[in-house]
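Please open the model in a viewer and keep the sequence panel at hand.

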Amino acid sequence: MEKDPNNILDEVTQGEYKYGFYTDIEMETAPRGLSEDTIRFISAKKNEPEWLLEFRLNAYRKWLGMTEPTWAHLHHPPINYQDIIYYAAPKKKKELASLDEVDPELIETFNKLGISLEEQKRLTGVAVDAVIDSVSVKTTFSETLEKQGIIFCSFSEAVQKVPELVKQYMGTVVPSDDNYFAALNSAVFSDGSFCYIPKGVRCPIELSTYFRINAANTGQFERTLIIGDEGSYVSYMEGCTAPMRDENQLHAAIVEIIALKDAEVKYSTVQNWYPGNKQGEGGIYNFVTKRGICKGNNSKISWTQVETGSAITWKYPSVVLMGDHSVGEFYSVAVTNNYQQADTGSKMIHLGKNTKSTIISKGISAGYSNNSYRGLVKMTKRAENARNFSQCDSLLLGDRCGAHTFPYIKTENKTSIVEHEATTSKISDDQLFYCNQRGIGTESAIGLIVNGYAREVLKQLPMEFAVEAQKLLSISLEGSVG
Amino acid sequence: MLSIKNLRVSIEGKEILKGINLEVRPGEVHAIMGPNGTGKSTLASVIAGRDIFEVEEGEIIFNGKNLLEMPVEDRASEGIFLSFQYPVEIPGVSITNFMRTAVNEQRKYHGLDPMPANEFLAKMEEKKRMLDIHAKLANRSVNEGFSGGEKKKNEIFQLAMLEPTLAILDETDSGLDIDALKVVANGVNKLRRPDNAFLVITHYQRLLEYIVPDIVHVLFDGRIVRSGGKELAMELEEKGYEWIRSEA
Ligand SMILES: Nc1ncnc2c1ncn2[C@@H]1O[C@H](COP(=O)(O)OP(=O)(O)OP(=O)(O)O)[C@@H](O)[C@H]1O
Ligand SMILES: [Mg+2]
């Protein structure tokens, strides 16, 4: 009568990846492999100015002299960088004036994901910049935004439209030689999003972008740049799901955020790249560099992330708190299941006086997965009276998964305060029995308990995103109970 | 409605229930009394389906269905409700969300669509009023940081929301102050119908003054050693268990 708790959890956590499908859109691709020629090809395709080509080549040359980082608690076979196609784009037909002109198959894809542009547009009032395989297909609401002087477009478009802004800020938060993957991205980045909020403007709507990997063997190298000018406010959302593929796909994005004096930038993301199958085959390698700088006094940058996907996640959204009284926040839920591996966390670098940072990290591990929190809190000499509070909790489902916490704290002055709390817990049989006794099946019970556990983070998400995230958390741990 | 025959249950090789026989008919209230550690909660858990207990022998039939072959959640949807002696905390899950999930999962079991949101909220309001529960409590996480009495009240609130056919109250009175005890007892009495039944586990005669039982059973060392009318509870209160012990 007694069941092995591991078996029960297996049954419950073996949900198939629900977004596994593949859209066939005509591709225009770069030749396989990486060389200066590849980079020139990409740059030419995008009709880029000379300085940007130089930026790319410079990054490439630095990358050649670097080696892949090995310090993370992650394991994967060596990546063959010559076996990757670095550029793929749906063939440009003509400028699109309305949704009717968008490739029906593309609309279909969005419908399957439950994020149809029409729905988004009509119901939620969200401007969607949908990126499929590197090239922006459609930007909505751009007119509304334009009136306020807000620039929200694809990165490539920004290079054409506002090259000075791009040139001024790009690479200032994440230098092109910051790390191995950042250097790679800087050399070959294909597209991404650009957002500029002018002085004193509060962006009236949530800005949202959906990314999606959609071609075999195509590394994805998005690049996002968000600039909040003095006294501005913006809430930016990015979410993604990827179709089921057998081969590993490399994803090495860069996100840079700049908040000037009194500006606030809120960045939310739900990440659901294909995690691989139950045996740990396939799945996306997600090696991302995300960093923001609170450049001016009283500025604020807040990262919220819900991570359920990818075979491997390597990601540490960080904030450099340069302006006095500036605030940095990091709220994270990371779910790993089966053979997924995640090494994620945050860095808060306090440079200014009276700066404040908060880190709330909730790791949830199931199956044979490994989930690590890695964080750095640095209080420099000048950061008088700076404060940090970190809370890192791990929830284990079953006893074959792992949770690890690596907090690094460096304090160079006597007036700053760093607080760190960490807990590890399990879903208890008593909790499951209690839910079951109310008629709630084990699968739903786990979804309910996990969502409750992550509530502190989920409530940071914009409403429409939170609902999606809650579903995703349940789905990623779901399966048929036998 | 509930028929238990020769139920023998053990845990970790130790026999706890040593042949229980019990018949509960619709409309009845049964009380189960007995010293600490004699197996009252074990009996409640086994009816509800807790799988850490080994059923060695016997059967439990509920409305013609063999409960022992059913998973816990199906038993619940069939109409079994257990008010826990020690309610469990579920951090971050609001009572509203918890109840909505429970109500709708039970409806799904019976092939019904989810309850419309306004109907559900109206029902929540009605039951909260009936049990004198603060509006704020429903927004708090299930049992997290609740006082002992609040936890027990919350159990009865859930009972009221789920409207089971057989409700088992495991020491619901312990931890309640006198006023709360009356509120809870009144609530239970309002929920009584000709087609449902209650199994009330308690140490104290006081609760039974409010929720008047049809039959009182004394559970002693894994066996029901005596059954009688409500006066049996009075007798126990007067004489204590030594009286039973000397007879057993
Ligand atoms: N999970 C368990 N593991 C081991 N022994 C258990 C477990 N649960 C109950 N028991 C044992 O079974 C016996 C009966 O316990 P039970 O909780 O049913 O008693 P009870 O009659 O409800 O007592 P009380 O009046 O104190 O609530 C006790 O000896 C107890 O120690
Ligand atoms: Mg008990």
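Select B:His203, which sits in the loop between strand S10 (197-201) and helix H7 (205-210) of chain B; helices (H or I, at least four residues) and strands (E, at least two) are DSSP runs, numbered from the N terminus. The model is a predicted one, in which local features need pLDDT of at least 70 and side-chain atom pairs count only at pLDDT 80 or more, while totals for chains, interfaces and linings use all residues. Residues are numbered from 1 along each chain as its sequence is written, chains are lettered from A and ligands numbered from 1 in the order in which they are written, and side-chain values use heavy atoms, with hydrogens and water left out.

Is B:His203 buried or exposed? With 19% relative accessibility, B:His203 counts as buried, a word that means under 20% relative accessible area, whereas exposed means over 50% and partly exposed lies in between (1.4 Å probe, protein chains only). Now display the surroundings of B:His203. Beyond its neighbours within four places in sequence, B:His203 is in contact (heavy atoms within 4.5 Å) with B:Met33, B:Gly34, B:Pro35, B:Asn36, B:Lys40, B:Glu171 and B:Tyr241. The side chain of B:His203 also makes a polar contact with the side chain of B:Asn36, at 3.4 Å. A polar contact is a pair of N or O atoms within 3.5 Å; within protein, one must be able to donate a hydrogen and the other to accept it, and residues adjacent in sequence count only if both atoms are side-chain atoms. A polar atom of the B:His203 side chain lies 3.4 Å from the backbone oxygen of B:Gly34.

Axes are lines fitted to C-alpha atoms, for helices over the stretch in contact, and angles run from 0 to 180 degrees between N-to-C directions. Those strands belong to an open antiparallel sheet of four in the order S2-S1-S4-S5 (chain B), where two strands pair if DSSP finds at least two bridges between them. Its edge strands are S2 (14-24) and S5 (65-66) of chain B. Within the sheet, B:Ile4 stands opposite B:Ile60 in S4(B).

Then move to the open sheet of six strands, ordered S6-S9-S10-S3-S11-S12 (chain B) with mixed pairing. From one strand to the next, the twist averages 20°. Helix H5 (residues 148-162) of chain B packs on this sheet and touches S6, S9 and S10 of chain B.

Finally, select A:Thr224 in strand S8 (residues 223-228) of chain A. A:Thr224 is buried, with a relative accessible area of 2%. Its C-alpha is 6.9 Å from that of A:Phe155, although A:Thr224 and A:Phe155 are 69 residues apart in sequence.
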